[in-house]
Amino acid sequence: MEEMKTSGEKPISKFDKFFEISARKTAIKTEIIAGLTTFFAMCYIVLVNPGQISGATGGTIWNSVYIGGIIAAIIGTVLTAILGKMPFAQAAGMGLNSFFFVCFVLPEFKKLDAGLSGDPITAYQGGLILILLSGIIFLILSVTGARKAIAKALPDCLKKAIPAGIGLFIALLGFKAAGIVVPDRYTMVGFLNLSVIGSNTATWFSSDPNVLSVVPALSAFIGLLVIVILDKFKIKGNVILGILSATVLYYLMSWTLPSFNMGQIGQTFVDFGTVGLPSVFKGESWVYAFGTVGILNAICYIITFCLIDMFDTVGTLYGAASAANMLDENGDPINMDGCLMADSIATCAGAILGTSTVTTYVESAAGVGAGGRTGLTSLVVAACFVFCLFLSPVASVIPQSATAPALIYVGVLMLRNFSAIDMKDLSSAVPAFLTLILMPLTYSIANGIGIGAISYVLIKLCTGKYTKKDIIVTGIAIVFIARFLLTFTGTYPEYVW
């Protein structure tokens with residue numbers, strides 16, 4: 001039986017009532033357009049995520065993450081629509097997917113490069129255990145309401161510095177993937193050598209290896225400019241268009257043709273079922289997570305993934321809800337608990353499916369800007385992701401350098417958070433700066449958070465400004481101190497690049 005809003009008005013269907021379409025003064029057509037807008041703003045993650053977690057090496061890990069990442073995005077986005085009833089979408093978090101690779105998969109590739117025995121697949125599967133545990137903790141914090149206490153207790157300077165530091169971190173990865181930043185034995189890092197094409201213009205369109213070595217950098221740089229220029233003109237889908245532009249330029253300048261293997265569609269599902277899906281159910285994965293990685297390292301990684309997911313999601317919810325004028329009387333996003341529940345469940349589901357931490361995407365604001373106000377927007381995004389499951393042959397021809405512009409662009413967006421820090425107060429500025437700068441310099445998000453927390457606590461103690469609310473950040477600092485002193489946290493510089 002359909003209900004009436006008031007006498008004389010059109011009846012409200014159960015569908016309308018559930019999503020509150022009329023109540024939020026929107027329409028189904030508007031919600032569909034908003035969903036498509038959000039999808040095209042964030043669909044680059046379909047191309048970027050597998051490359052970030054697998055290190056752009058392709059193979060079984062790439063295939064597994066491709067399918068698992070999309071299914072996790074579908075689950076998280078549908079849950080946001082049903083539990084949160086908000087126009088937000090979810091997918092594997094940028095920065096966290098790169099950090100996942102650096103923490104778990106990269107060390108095994110280093111061993112192989114050094115002629116030692118390495119097992120990237122087991123490391124990938126073991127890392128998913130820690131993602132699952134961080135998701136479970138986030139879920140418990142959301143259900144019990146402890147999330148609010150932690151959110152209030154973590155220093156504001158660190159909350160703003162963490163996403164900014166992640167921005168620098170993934171921007172560095174983007175520059176590295178494009179070949180713009182290269183290793184240098186004397187200065188650690190340097191700029192690529194462009195003189196190979198500047199000395200003889202006749203070689204610009206040749207197959208000379210020296211010339212071809214700068215093609216990734218040139219195509220990535222132009223792709224970044226395309227993204228920024230389109231963004232300036234407020235063209236939706238600017239990131240995916242930038243990636244596609246860089247891809248076309250890459251093949252044109254390198255005088256090569258992409259090859260499509262339609263049989264890859266089946267292989268991606270096979271690898272997903274044999275490598276990604278069984279991961280958290282294998283004893284070897286648990287042994288790697290707490291044996292090879294080490295208990296203290298594992299705890300620090302779990303804390304890191306959980307904290308970043310929490311504050312990334314909360315920040316996105318506040319920003320997007322504010323833009324949509326969907327805040328309650330206390331200034332909090334409406335249905336916030338449902339959105340956080342959806343996020344934490346999606347992270348757990350993502351770990352089981354084979355991808356890193358799933359989080360609410362800031363690109364959801366694009367859909368909000370297009371008029372999206374209900375969970376119907378999210379359902380449209382999820383439906384679009386379903387079609388991506390069968391596009392792996394297309395995704396696999398995107399070179400690593402073509403996804404680099406997306407990393408750099410997102411890094412710029414995340415760096416904006418740092419401008420809100422009070423740099424006149426050194427007790428906040430120094431911990432924030434250490435958090436920001438040590439993430440890219442030590443190639444570790446966890447190191448940045450750890451040093452930031454430790455320095456904040458020590459400064460507060462020594463200046464007599466320590467308060468009860470600093471107890472939580474003190475606990476985090478103590479865990480990281482133990483990790484730094486009792487476990488190996490270094491890198492192998494000669495193999496990082």
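The mean pLDDT of the protein chain in this predicted model is 86, where pLDDT is the predictor's confidence in each residue, from 0 to 100. A value of 70 or more is reached by 92% of the residues. Residues 1–8 have a pLDDT below 50. Beyond near neighbours in sequence, this stretch makes eleven contacts in the model (contact: heavy atoms within 4.5 Å). Residues 489–497 also fall below 50, with 18 such contacts. Residues are numbered from 1 along each chain as its sequence is written. Local features need pLDDT of at least 70, side-chain atom pairs count only at pLDDT 80 or more, totals for chains, interfaces and linings use all residues, and side-chain values use heavy atoms, with hydrogens and water left out.

Helix H13 spans residues 264–276. Helices are DSSP runs (H or I, at least four residues), numbered from the N terminus. Buried here (under 20% relative accessible area, 1.4 Å probe, protein chains only) are Gln 264, Ile 265, Thr 268, Asp 271, Phe 272, Val 275 and Gly 276. These residues lie on the same side of H13 because they cover an arc of only 125° around the axis, taken from the directions from the helix axis to the C-beta atoms. They pack against helices H4, H6, H16 and H19.

Helix H12 (residues 238–253) meets helix H20 (residues 400–415). Their axes, lines fitted to C-alpha atoms over the stretch in contact, come within 7 Å and cross at roughly 150°, on a scale from 0 to 180 degrees between N-to-C directions. Among the residues in contact are Ile 243 and Tyr 250 of H12, and Pro 405 and Tyr 409 of H20.

Notes: Buried < 20%, exposed > 50% of the residue type's maximum accessible area, 1.4 Å probe, protein only. Helix = DSSP H or I, 4+ residues; strand = E, 2+ residues; numbered from the N terminus.
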